[in-house]
Every structure is written in structure tokens, then in C-alpha cells.
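Visitor: I would like a close look at a single part of this model. Please keep it brisk.

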Amino acid sequence: MSLPESSVYRLGRGPALVATGVLTIVTGVLVFAAFLVADDATARVVVAVVLGVLAAVAVFLAVRFALRPPAVVRLDPTGFTVARPRVRATWKQVDDVALNSGYLVLSGEGTARVELRLLDPDARQLFVREVYDRLNAAHGYTRFG
């Protein structure tokens, strides 16, 4: 099996849509608060503008989550990068891999945990297989038959 040069596994549709929904609700609350606060007084106008800017940022983030969810993990021939908490390591640094209650745990010179429920259900098995294949390739192991 030939591995791709690099792979990016993004936040799944379910968690991305939940984040989009929450950010949309936050946008509505901020806009409502901005209209309530807006008045002729200078201090209240400043607060309303700040709330409006925060609402615009929330809309931008909601659109970003809906159209292009953030990456959860990146794999390449030399190593991997886990987004949250930020962990970068090479395949040679990994001593042990375990699947524990919905997490793929890579341990060695530090520990990286990838929560599998953040990935699309179709991508979970592909991700785990690719991690094992990249570890085998890094250590020079081959599959029989």
C-alpha cells in the first residue's frame, strides 16, 4: 500500500456544525446586546461598536467552521502534528500506540492524544491504519503477503 505524501484529517461534520451553531447563537446575542446598548452617549456607542465587531468575528468563525473545518491532525513521512494541544513529533520518537476509549494515544518523547470522535466516522479507521502504516514505514517494518 502506497502512502500519500502528507495527509490532513479535519474536524468532522458533526462537531463543525455544532461549533457553527454555537457561534451563530453567540452572533445573535452580541447583535442584540449591541442594539440594546446603543445610545447617544459616547461610552455606550463604543461598547456597541465593540459588540458589533465581536459579532462580525463570530460570523467569520462560523463561516470558517462550516466551509473549511480546522485540521485535527497532519501526517507526513517524517512525523505528525496534533492541533490541540499542539504536539509535533517524528515517527521515530513514538514508542507506543494505543487505542483507549475513543482516543489514539501516541507516546514516547511526550504524549499526543487524538480524540477520534472529532474526525468523520468514515475517516477514523483510515486515520488509524495510516498511523500504523507510517510507523511501520519509519521503523523499516514490512507486511507479509
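In which strand is Asn-100 found?

Guide: The model is predicted. Asn-100 is found in strand β5, residues 94–100. Now take a distance. The C-alpha atoms of Asn-100 and Arg-113 are separated by 9.6 Å. Along the chain, these two residues are 13 residues apart.

Next, the partner of β5. Strand β6 covers residues 103–108. β5 and β6 run antiparallel, and 6 bridges join them. Within this pairing, Val-97 stands opposite Leu-106 in β6. The hairpin of β5 and β6 has 2 residues between the strands. In that hairpin, Ser-101 takes a positive phi near 40°.

Follow the chain onward. A hairpin with 1 residue joins β6 to β7. Strand β7 spans residues 110–115. β6 and β7 pair in the antiparallel sense, over 6 bridges. Here Leu-104 stands opposite Val-114 in β7.

The side chains of Asp-120 and Arg-13 meet at 3.7 Å, N to O. Asp-120 lies in the loop between β7 and α3 (121–138), and Arg-13 lies in helix α1 (residues 13–37), so the pair ties together parts that are 107 residues apart in sequence. Arg-13 counts as exposed, because its relative accessibility is 56%.

Asp-133 and Arg-129 meet in a salt bridge at 3.2 Å, N to O. Both lie in helix α3, 4 residues apart, about one turn of the helix. Asp-133 counts as buried, at 11% relative accessibility. Arg-129 is partly exposed, at 32%. Arg-134 forms a salt bridge with Glu-130, with the closest N and O atoms 2.9 Å apart. Arg-134 and Glu-130 are separated by about one helical turn, because they are 4 residues apart in α3. Both Arg-134 and Glu-130 are buried. The count of salt bridges comes to 5.

Last, the surface. Arg-64, Arg-68, Arg-74, Arg-84 and Arg-86 gather there in a patch of positive charge. Arg-68 sits in the loop between α2 (42–67) and β2 (71–75). Arg-68 counts as exposed, at 52% relative accessibility. There is also a nonpolar patch on the surface, formed by Val-45, Val-49, Val-53, Val-57, Phe-60 and Leu-61. Together these residues have about 500 Å² of accessible area. One of them, Val-49, is found in helix α2.

Notes. Residues are numbered from 1 along each chain as its sequence is written. This is a predicted model: local features need pLDDT of at least 70, side-chain atom pairs count only at pLDDT 80 or more; totals for chains, interfaces and linings use all residues. Side-chain values use heavy atoms; hydrogens and water are left out. Patches are made of residues with over 30% relative accessible area and no salt bridge: like charges are joined within 9 Å, nonpolar side chains (Val, Leu, Ile, Met, Phe, Trp, Tyr) within 5 Å. Accessible areas come from the Shrake-Rupley method with a 1.4 Å probe; for residues, only the protein chains shown count as cover. A salt bridge is a side-chain nitrogen of Lys or Arg within 4 Å of a carboxyl oxygen of Asp or Glu. Lys and Arg count as positive and Asp and Glu as negative; His and the chain ends are not counted. The place of a charge is taken as NZ of Lys, CZ of Arg, CG of Asp or CD of Glu. Buried means under 20% relative accessible area, exposed over 50%, partly exposed in between (1.4 Å probe, protein chains only). Two strands pair if DSSP finds at least two bridges between them.
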